[in-house]
Amino acid sequence: MFGLSRKEGIKGGDAVDKKEREMGRQRRSARGVQWLNHYSSAQSILVVGDGDMSFSLALAAAFGSGENLVATSLDSYDTLTSKYGKAESNVTELERLGATVFHGVDAKMMKRHPCLKMRRFDRIVFNFPHAGFIGHEEQDHMIKAHQLLVRRFFRNASHLLRPDGEIHVSHKTGQPYDRWKIEELASEFSLVISEKVNFWKEDYPGYNQKRGDGKWCDEEFPLCNGCTFKFHVECGEPEEPRSRKFTTAQRESLHRLQDSLDAATKLHQEKEQQLLLSQKQLISISESLRSCEHARSTLETRLKEEQRRSRKLTTAQRERLHSLQESLDVVTKLHQKKEQQLLLSQKQLISISETLRSCEHAHSTLKSRLEEEQHRNRKFTTEQRQSLHSLQESLDVVTKLHEEKKRQLLLFRQELISTSESLCSSEHVRNTLQSRLEEEQRCSRKFKFLFGSMIILFLKFCI
């Protein structure tokens with residue numbers, strides 16, 4: 001850049017990129033398919049963890065329709081509207097444009113969601129995933145929490161992706177965000193990166209990134225150095241991580257057990273609903289039966305009163321008596337029908353209770369079998385067990401040798417201490433003997449001098 005600073009040059013380059021992107025959007029829109037950056041109205045798109053739903057609304061508004069768009073959030077509808085000021089209006093506008101909105105969808109388990117598990121998408125989007133504010137971003141436990149979230153998202157998203165589809169994860173770059181190792185996590189599920197592009201908020205009019213957690217959940221966070229990582233399936237079906245692979249038979253057995261468990265759970269829920277309905281019907285029949293009994297007893301008392309009043313009845317009284325008798329017969333028949341209905345309802349209630357107990361037993365049995373299968377899959381093979389035993393034996397031998405060496409070292413230290421003490425005592429004795437020898441030598445010199453002087457005196461005396 002001639003005559004421009006580095007910052008001005010970057011701004012100029014950004015302006016050129018934005019013009020090119022705008023021209024590309026206009027050319028694509030002219031063909032009948034509406035585009036917004038990487039996404040088009042012809043693609044089936046799943047947006048995961050969309051805070052206040054503003055990103056999904058930006059796509060639907062640009063397409064003019066949300067027919068092929070599914071927007072999800074982790075929070076329930078009540079929690080969403082209480083956390084974000086514009087969430088309610090955004091959800092209303094998305095539904096008006098024809099988009100599908102689901103709440104309470106966990107990115108770590110979404111492949112089992114009843115409304116998603118049978119669908120496949122061209123694009124699955126997760127913008128700026130975050131595991132929550134439970135520490136500083138550079139701390140190891142925070143990095144591991146973020147990696148666990150992204151890893152489980154990739155595992156679930158790879159099952160909901162069409163063969164030629166893409167998974168888009170927008171993420172900050174630089175430290176400490178590079179320590180998440182997004183590309184390595186994706187490779188565990190046979191996902192390879194096809195493109196990495198800068199993320200510009202201006203490309204999605206109306207999008208507002210939210211912190212999503214804590215007391216500042218409705219506040220925006222800076223999007224400096226943001227990039228969109230685009231992944232596609234390398235080949236074949238997505239694989240489980242190497243450390244968690246199962247054999248084909250084990251995987252089929254687990255899938256069958258899971259399907260049976262789901263079917264038993266649904267049957268259990270249906271039987272519970274039938275039981276509730278039968279209980280309500282039983283209550284209503286009991287109430288009507290009580291009212292019929294009350295009416296019957298009332299008519300019987302009135303009939304007895306009429307009979308007591310006069311044994312000789314006029315024609316009008318006799319007709320009235322006949323009408324009362326007919327009414328009593330009708331009420332009696334109705335009472336008998338209600339009793340029969342009550343007996344049938346009780347039998348149905350007993351049968352439903354028995355089927356409910358059998359469903360609960362089947363549910364618990366399948367659950368225990370599933371846990372046993374998962375426990376078996378964690379067991380070691382025979383070769384691994386033999387290798388572990390041999391390693392354990394080697395470790396025991398080395399441990400024994402280490403203990404023997406320690407004992408020898410202690411003995412050697414004790415001998416060294418005793419030798420040092422004897423050496424000190426020997427040195428003391430040597431010094432004592434040397435001092436005594438020197439005294440003896442001095443005494444012998446004195447004796448020789450005295451002896452010589454005595455000899456001299458004796459010689460002189462003899463002369």
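Q: Before we look at anything, what does "exposed" mean here?
A: Exposed means over 50% relative accessible area, buried means under 20%, and partly exposed sits in between. Keep in mind that this is a predicted model. Take Arg96: its relative accessibility is 58%, so Arg96 counts as exposed.

Q: Okay, and how should I read a salt bridge?
A: The general idea is that side chains of opposite charge can pair when their charged atoms come close. A search of the whole structure turns up nine salt bridges. One of them joins Arg96 to Glu93, with the closest N and O atoms 2.6 Å apart.

Q: Where do Arg96 and Glu93 sit relative to each other?
A: Both belong to helix α4 (residues 87–96), three residues apart, which puts about one helical turn between them. As for accessibility, Glu93 is partly exposed at 27%, whereas Arg96 is exposed.

Q: Which helix holds Glu300 and Arg296?
A: That's helix α7 (residues 248–309), where the two are four residues apart, or about one helical turn.

Q: What about Asp106: is it buried or exposed?
A: Asp106 is buried, because its relative accessible area of 19% falls under the 20% cut-off. Its side chain meets that of Lys108 in a salt bridge, 3.4 Å from N to O. Lys108 is partly exposed, at 28%.

Q: Let's move to aromatics. How do I read a ring pair?
A: You describe it by the distance of the centres and the angle of the planes. This structure holds eleven aromatic pairs. In one of these, Phe55 and Tyr204 have ring centres 4.9 Å apart and planes at 50°, so the pair is tilted.

Q: Which parts of the chain does that Phe55 and Tyr204 pair tie together?
A: Phe55 is in helix α2 (residues 54–63), and Tyr204 is in the loop between β8 (191–198) and β9 (226–233), so the pair ties together parts 149 residues apart in sequence. Both residues are buried.

Q: What kind of pair do Phe154 and Phe231 make?
A: Edge-to-face: the planes are at 80° and the centres 5.4 Å apart. This pair links distant parts of the chain, with Phe154 in helix α5 (residues 140–159) and Phe231 in strand β9, 77 residues apart. Phe154 and Phe231 are both buried.

Q: Which residues do ring pairs link into a cluster?
A: The cluster is made up of Tyr39, Phe55, Phe128, Phe199, Tyr204 and Tyr207.

Note on methods
Residues are numbered from 1 along each chain as its sequence is written. This is a predicted model: local features need pLDDT of at least 70, side-chain atom pairs count only at pLDDT 80 or more; totals for chains, interfaces and linings use all residues. Side-chain values use heavy atoms; hydrogens and water are left out. A salt bridge is a side-chain nitrogen of Lys or Arg within 4 Å of a carboxyl oxygen of Asp or Glu. Buried means under 20% relative accessible area, exposed over 50%, partly exposed in between (1.4 Å probe, protein chains only). Rings of Phe, Tyr and Trp (its six-membered ring) pair if their centres lie within 6.5 Å; planes under 30 degrees apart count as stacked, over 60 as edge-to-face and the rest as tilted.
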